[in-house]
Amino acid sequence: MSTGCGMLLDETPLFDPSLLQELDWSSNTVSFSPPISPAYPGEGLVLRPLHTADLNRGFFKLLSQLTLAGDVTPEKFIKKFEHMKSTGDYYVIVVEDSNLGQIVATATLITEHKFIHSCAKRGRVEEVVVSDVCRGKQLGKLLVSTLTLLSKKLDCYKITLECAPNNVAFYKKFGYSASNETYMQFRFFD
């Protein structure tokens, strides 16, 4: 499918897939039973960077299981994708069910550039969601483990996330701990 932005909805990855292939999975601290990894997320599943064609593979339908995703045209999607790709600071990973041709899980790592810590980078995990039809397959654990290792590979001095109180125990499995920082917000739109 063509858009007015000069890019096709194709298999263009948001970031270099070798970043995921080169992760040191042996340093993962979370156990998986049965064993899965970024290289083998499960039968018929592929973990990879977001592609532009994922718009047609149910990416926004999946995001809407987490929050209001909104109506997004292919043109708007491509424009945001191109922006994220050009900055090099966005790492949206997806799990595709290759039998169904559908995205069944996704999570995002954003790197923030800081002046503190000797001009270091901080990683932030956002938008972790597993399709309601795929829960119980350890995909949430796989996404968070993958992004945690990726943030280390990208030389982030720390990685943070925001979560509901009922998800705290889940994230503690990965070594995340509560912070004294208080999350506050000012919403311009719902």
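Colleague: What volume does the largest pocket have?

Modeller: The largest pocket has a volume of about 1800 Å³, where a pocket is an open set of points on a 1 Å grid over the protein atoms alone, at which a 1.4 Å probe fits, with protein on both sides within 12 Å along at least five of seven lines. The volume is the space filled by probe spheres set on the points, which are joined across faces, edges and corners. This is a predicted model, in which local features need pLDDT of at least 70 and side-chain atom pairs count only at pLDDT 80 or more, while totals for chains, interfaces and linings use all residues. Residues are numbered from 1 along each chain as its sequence is written, and side-chain values use heavy atoms, without hydrogens and water.

Colleague: How many residues line the largest pocket, and which lie nearest its centre?

Modeller: There are 46 lining residues, with Leu-63, Leu-66, Thr-67, Glu-126 and Glu-127 nearest the centre; a lining residue has an atom within 4 Å of a point. The largest share, 6 residues, comes from S4.

Colleague: And what about the second largest pocket, which strand gives the most to its lining?

Modeller: S5 does, with 4 residues, and the volume of this second largest pocket is about 620 Å³. Its lining has 22 residues, and Leu-161, Glu-162, Ser-177, Ala-178 and Ser-179 are the closest to its centre.

Colleague: Changing topic, is Phe-189 buried or exposed?

Modeller: Phe-189 counts as exposed because its relative accessibility is 71%, and exposed means over 50% relative accessible area (1.4 Å probe, protein chains only). Phe-189 is found in the segment after helix H6 (168-172).

Definitions and conventions. Helix = DSSP H or I, 4+ residues; strand = E, 2+ residues; numbered from the N terminus. Buried < 20%, exposed > 50% of the residue type's maximum accessible area, 1.4 Å probe, protein only.
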